[in-house]
Every structure is written in C-alpha cells, then in structure tokens.
Amino acid sequence: MTSIAHDKPTQPLLEVRNIVKTFGGVTALSGVTLDLLPGEVLCLAGENGCGKSTLIKIISGAEKPDSGEIIVDGISHSSMDTTNAIKNGIQVIYQDFSLFPNLTVAENIVLTSAVASRRHTYSQRAARPAAQAIVEELGLKLDLDADVEQLSVADKQLTAICRALVSDARILIMDEPTTALTHTEVERLFIIVERLRARGVGLIFVSHKLDEVLKISQRVAILRSGKNVVTDLASTLTPRTIALHMTGLELDESRNISELPPESGVVLELDRMSLEGAYQDVSFTLRRGEILGVTGLLGSGRTEIAESLFGVVPHESGIIKIDGSPVRIHSISDAIKAGIGYVPEDRLTQGLFMDKSIADNIIAGSPDEHATRLRMLDLRAVRETIQALFARLRVKAPNVQAPVRSLSGGNAQRVVLAKWLARRPRILMLNGPTVGVDIGSKAEILGILRAEAAEGMGIIIISDDAPELVACCHRVLVVRNGRVVDILEGDDVAIDTIREKVAA
Amino acid sequence: MKLTDPRLEPLSRMNDSVESGWSRALALVRIEGGVRRMLILLAVAFVIFAALRPSIFLSGTNLRNIALNSPEIGVLAIAMMLAMLTGGIDLSLVAMANLSAITMATLFTAMAANDPGQAEQMFPVIVLAGVAVGVLGGAINGLLISGLGITPILATLGTMQIFNGIAVAWTGGKTLYGSPEVLTGIGASTLGGVPTLFCLFVLVAVAIGVVINRTPLGLRIQLQGANPTAALYSGIASRKILMSTYLMTGLLSGIAGVFFIARNPTASADYGASYVLLVIVIAVLGGTNPNGGFATVFGVVLATLTLEIVSSGFTALRLSSYQYAIAQGLILVAAMAAEQIKWRRRRNRKPVLQPT
C-alpha cells in the first residue's frame, strides 16, 4: 500500500462501494462503486433507468441501500439519512431547484440552513449578510431582494448553488444542470463550477448533454443497467464512446436527411405572422416531407410561434396558409381541424395524462376518428390503432394498460408522439422532443420523425440541441428577439454555425 | 421491470402485449381494486346484519325495502360520480330532483282538477316535464361552470340554494300530494320479484357505464378530469365536455325526481335533505377520485347497496339515524385510510423506470 503522505492529497471526499439496491425483486443497482475527489467534477452518465437517480438518492439519504457502504471523509456509513447527508456536506440540486418562489433570493439562500440548524425564529437582519457573503465570494451578480419567481432559470440555479454552499456543501450533486440553460448561461455556470472546484468542492453532474459534460468534467462514470461500465478520465472519452458505453450500441448523430422530391408541395406557409410582445413578421414555408428546425435562445419567441400555430396563444396579424388556402387558427381545435399536431415542451403536464393508461393516452387525441356512426367507440379500431403504434414506436412497457407514470422519459415521449400519429396530422410540431430523453430513445424518436416525413408529413422541430437539429433537419430557422433572422440550408446546417447564429 | 434494451428484444416479445382474445375476455371480468373492496364491504355488511338479526334483516319486506330505497340514491350518486369524474362536484342534485318531483305533482294536480281521466293519460308528458326540469337545472349549472368558468362547488352551491328556494316558495313549504296512478303503479310493481324501480336503476347504471367507457364523450370526460391541461393540448374542448356532464347530472336528477314520486305520491322541497352529503360519501366510497379522472359505475352501485344495507341493518337493530350517520362517516374514513395505506405501500415498493 502507498504511504500516507502520498495518499493524503487524494483522499476522496466520497466513496461508494458495492452498492446494491433492489425494489421488489427488481435490481436497480448491482454493486456500484465510485469515488469523488476534492476539486473534481465527476460526470455520472447513463440512459434513463440505468440507476443514476437511485444512486443519487442513496448518496443523499433518500433511499437506503440493501448492502454496500458510503464513505465520507474516510468514515464508513452503511446508509445515509437526509439530515446526516446534509451534515456531512452532501447537497443535491434537483432539476426544479426546490426553491420557494414567493421568497426573496436572500431568504431562499439562508432559510434551509436556518431550518436545518433548528433555529425557530428567522431574522432578516442576520440572514442578509450571510447570503451576501456567499454571493460575493462566488463573484455572482444576483439581486438578493428579488423574488425568486421573477428570476431566470439560470439565476434560480445560482440561488440553489448558493443555498447549498451556505450549508457548507463539499459534495454537490447536480441533476441535469444545463438542460434549461442557454449556451451563454452554460458558459457562466461553468465559470462558477471552476470557482467551486478551487474551493475544494467535489461535484457530481448528472447529464444527458455529453459534449458539455466532457468540457467541464475531469472524470466520467458510466452506468448501464445498474452496473458501472466504465469510469475514466474525460480527456480519453468522446461523446461517441460514452454513448457506446451507455447503450452498448453505436450512436449515430450524423446528418441523415432524405432528398425532398422536387414535386413535394408547400404544406404550410406563414406570411408576416405577428403577435405583439412575442414575435414579429414571421414568414416561412414548410414543404411536405420536410423537417424544419426552429432554434433560438429561451425567450426568443420560438415557443410562442409554435403555440400560435397550434392556437394556444392566437396570432394577431399575418396569414397562415395550409395546402395553399388561408386558415383561421384562433383555438387549439381550429389548429387540429386544420391538420396541425403539437408535442408540447412540458411533457408531464401538457402532453400526458400521467395516471391514465398508455392506451387511453394514445387515443386521447382521436376518439372521434375511432367512433362508429352511433357515436360509440369502435373498440376494434381503437385496439388496432393502439397496438400498432405501441409496437411501432417500441414503447417499453409490460402492456398498454400500464399507467404512463411508470414510464421513463423516452418512453413517455413516444406515447405523446403516438397520440398525434393516431390522428395522422399533416403538420406535426415538436417542442424539445428529446429533452430528458436518453440517447437510445433519442435516436429512435428522430428515426420515427424521419419515417413520418418520408411519408409526406411536414415536421417542425423546436429545439436548442444543435446536434439533433443537424442530424435530421432539412433547414433550420434561427429566431432572435421575436424575428426570424436566418434560415440555414444545405452545408450551413452545422453544429457550429447554428450555435454561432443563436448566440450572436 | 426489465432493464434490457427494447431494441435487443425480438419483436415477438413486444407482441406479448398484443392482447389475445383470451386475455381480453379476462379483462372484461377483471375486477378493479375499488370494486373488489366494495364487493368485500358489501358482503361483510350483509353477513354481519344477517347474523345479528336474521329474522328481521333477511325478511322479504326488508330486502324489498333495500331494493326500493337504493334507486333514487343510486341514481343521484351516479350523477355525483359524473361530476367528480371531471374534477367537479354537483351539490344541487337533490334540489333539482325535488324541483322535478314538485313540477310533476303540480302538473298532475292541476290536470286532475279538470279531468282526472285525461290527467292519467297525460302521464308520459308529466314525466317528460319532470325530467326536463332536471335537464334545465343541469343546463344552468353547465353554463355557470363551462361558460363563465365558476368553480363547480361554488356554482352548484349557488344553484342548490336557488332551486331549493324556488321549491319552498312554490309549495309554500307544504308537501304536495298527487301522482299519476301509472307511475305509483310502477313504483309498487315488481319484475320477477325485483322491484321495477330497481331494474330501472340498473338500466340507468348500465347506460351511464356505456357512456363513460364506450363513447368518445366518456373518454373525454375521463381525460378532462385526469389532466385538464393535457386535455386542452389534446384538442379536447373542455367547455363542451363540462356542459355535457352537467346536462347529464341534471338529467339523472330529473330521473331521480321521477323515482321519488313513483315511490311515494308526494313531493316537497325538503325531501331527501340528507342525500346531498350521502351521495358524496357513496361516490367516493365507490372508488371515485374526487380530483377527477377515475371512477367506475359498478363501484358506485355497490357502494349504494352497501350503505342501504347498513341503514336497514341499523333499523333492524333499532339503532337511530344519528348512529347511522356515524357509521356512514366511519365506513368512509376507514375505506379511505385503507386506500391510502395500500397506496403508500405500493409507492415504497415502487421501483423502477424513474426519469433521471
């Protein structure tokens, strides 16, 4: 064994050894081992359902492992509870940040540590300096007196980071920290991460965005089906090799678009569509069989354009033509009647009936299309549609009666997609179709969209995932401050060009 | 839960989920959790009272009384279930039913004053008028809730007071007597030993069951209640759905009004005053999720029978109606507690494909 002198600088902050966890006979983790060094960013990668969430819950004390040990600062624990984890300096920042929207930034930063230390009264005067100190130490620009609900997503995240540091976090776990951030905000976050590293904090990133993760982390641990597959230096890995380890399959993110036949007509045409305060003079065309990307920063107006086309927030002026004839879209039912479908951004609340079965979800958009003349459901037709889509989209579930809540992100998104495909719309818009979806599902969902386009559907993908846009879009619209500033075609549809145009 | 990759599975595995004819047949008789619980409760209640007072409880009169009491309460409970299925509630059901019964009694008395024979012949018109009053009340609720967007509990609290007030002012608070003989005849008749009213109740229950489970409207009602936002984004017109729902609850109230008067040729503004809360208890006990989206008609029918059995059992044991009220509350609380405990256990056991 090595000498203590040699060992000391690299004693891990946190080690987990041979963690096993089963749920009712199902093994979620089978002997996972990893360690986290001070001042290190460790990326935890893996497909949905590989056990990442369970591992984090075990480290943070939300779940108890069946066996194995958790070693913090050289002291072994057979399990954690949440209070103990916080006392040991372990903090998790979840995707929704768990902040109190009606309290100020300063209050949010200080309150939980005050509660944790069992103080029963709260003094605003004592609280503010503590919050101020941490914000200044990290060199942040945060308005301490602003209500959290008014902050941008990025600032909310910074608030959550400050809150963790006030409680002396030394092990910071961040779940999908970059998903809701724009390119520039991600850069800013990474600067903060560097400062945290300099303080000796160890960070674990859980993320699907592999290229970003590789930029910031020193090591990457990859889980597959509850096992460590690989833990290696980030410098030796590429997104491609990570994806390969995660899925056990080759990932194909190369550009794959079909040639549009010259005779394929325009299915959708927008002429100077405007909505005060959201977007102005938006004009573009979409051809049958075409996949059109729409990208831009959060708040650029890209989502509003889609929601207007779907009748959620009707446009004020301009003309929408479908198959050459002008249509009036003032409500969602107008849009659906005109042949438009929309897979919304917020899958869980807008797209799915979580406690209803997969079958009910698939048929939710098209009961009338499956009715007999007597206004009864044609059960045979319903069953055929559901089974065909369930099989074709390869929804991973025991059967169609399973509630959607039991599905992973990728499978849930397939169900939303199935709901629209059951109607066979002429135009399908998808907002962030692969957010929170694992790599394997992502490739499959893009494949399904390509196949639908090949059969003549016009598809619009609203996304800030440049590789995804490059992989499947014929053209990409760039929206900035409510205006379409660029339409990228041909060789211009490239990752670097898209990022450059979006951030410009 | 399998953690294997679906792409690695042969396609035939995926087809396991394609239900065979056999499993489809099984699905027809598959008994959902809520219904199974009600079946057990029903059996337990029946056995207890039959054991305690067999001579009274198992007598033909008592069993017939159970079958005669259930229809009106059952129909109202099914109406309550429908409102709850959309995530709403309808407090005005009993008031509408009374208004319907009062309309029929008044119409009949007025006609019979001129020509008793003709009044008897006009019996279908009288019944239709009674049902129409229920539908009208439902339309008013529907307009308030779907058109103006008033919260169902407040809208129907308001209309309950209005309908009640109209009924009291109209009758002067007195009980009206008078009903076509055909109607009271139906109320007293039996089909193969089963009271006709009970058969009609079963018919209504089956009809509503078909509407909920076998029609586009029913599917939309369920989805609207399960998640109004996702319903909106799926192109479900919530206004139309809510309007249809409250029209149906009004229609069912009208039918309950007909049942009232068929059983007893009287009508008054304060009949069934305890029914409003009782039908809420029955609907929830029958497995209706008050947050919307989930309910079974069969469960509600069983819950109706269970509470009627307890009620008549208490009478057989010479217990008071107050003690019956306590029992109602206890049954509801116990059933809900059992549900919560079961749910919590299942959640702790829960696994699996959690989104990361």
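A nonpolar core is a set of buried Ala, Val, Leu, Ile, Met, Phe, Trp, Tyr and Cys residues joined through C-beta atoms within 7 Å. In this predicted model, the largest such core holds 255 residues, and the members that touch the most others are A:Met429, B:Leu76, B:Ile78, B:Met80 and B:Val279.

Chain A contains 18 helices and 20 strands. Computed along the principal axes, a box of roughly 75 × 50 × 45 Å is filled by the C-alpha atoms of chain A. Of the 504 residues, 49% count as buried. Among contacts in chain A with a separation of 6 or more, 68% are between residues 24 or more positions apart.

Four bridges join β3(A) to β8(A), residues 202–206, where A:Ile204 is the bridge partner of A:Leu42. Another parallel pairing, again with four bridges, links β3(A) to β9(A), residues 219–224; here A:Cys43 is partnered by A:Val220.

A further part of chain A is an open sheet of six strands, in the order β16-β17-β18-β13-β19-β20, with mixed pairing. At its edges are β16 (340–343) and β20 (483–489), each of which pairs on one side only. From one strand to the next, the twist averages 20°. Within this sheet, β13(A) (residues 291–296) and β18(A) (residues 458–462) pair in the parallel sense over four bridges, with A:Val294 standing opposite A:Ile462. Helix α16(A), residues 439–454, packs on the sheet and touches β13, β17 (427–431) and β18 of chain A. The direction of α16(A) makes about 150° with that of β18(A).

Chain B provides an example of helix packing. Two packed helices are described by the angle between their axes and the distance between the axes. The axes of α5(B), residues 60–85, and α14(B) come within 9 Å and cross at roughly 170°. Since angles over 145 degrees count as roughly antiparallel, α5(B) is therefore roughly antiparallel to α14(B). Residues of α5(B) that take part in the meeting include B:Leu68, B:Val75, B:Leu76 and B:Ala79, while those of α14(B) include B:Met248, B:Leu252, B:Ala256 and B:Phe259.

Leaving aside residues up to four places away in sequence, B:Leu76 touches B:Leu93, B:Val94, B:Ala97, B:Ser253, B:Ala256, B:Tyr275 and B:Val279.

Finally, B:Ala237 is found in the loop between α13 (228–233) and α14 (238–263) of chain B. B:Ala237 counts as partly exposed because it has 16 C-beta neighbours inside 10 Å. Its C-alpha atom is separated by 8.9 Å from that of B:Gln224, 13 residues apart along the chain.

Definitions and conventions:
Residues numbered from 1 in each chain as written. Chains lettered and ligands numbered in written order. Predicted model: local features only at pLDDT ≥ 70, side-chain atom pairs only at ≥ 80, totals over all residues. Helix = DSSP H or I, 4+ residues; strand = E, 2+ residues; numbered from the N terminus. Buried ≥ 20, exposed ≤ 12 C-beta atoms within 10 Å, placed from the backbone. Contact = placed C-beta atoms within 7 Å. Pairing = 2+ DSSP bridges. Axes fitted to C-alpha atoms, helices over the stretch in contact; angles between N-to-C directions. Parallel < 35°, antiparallel > 145°, perpendicular 65-115°, else oblique.
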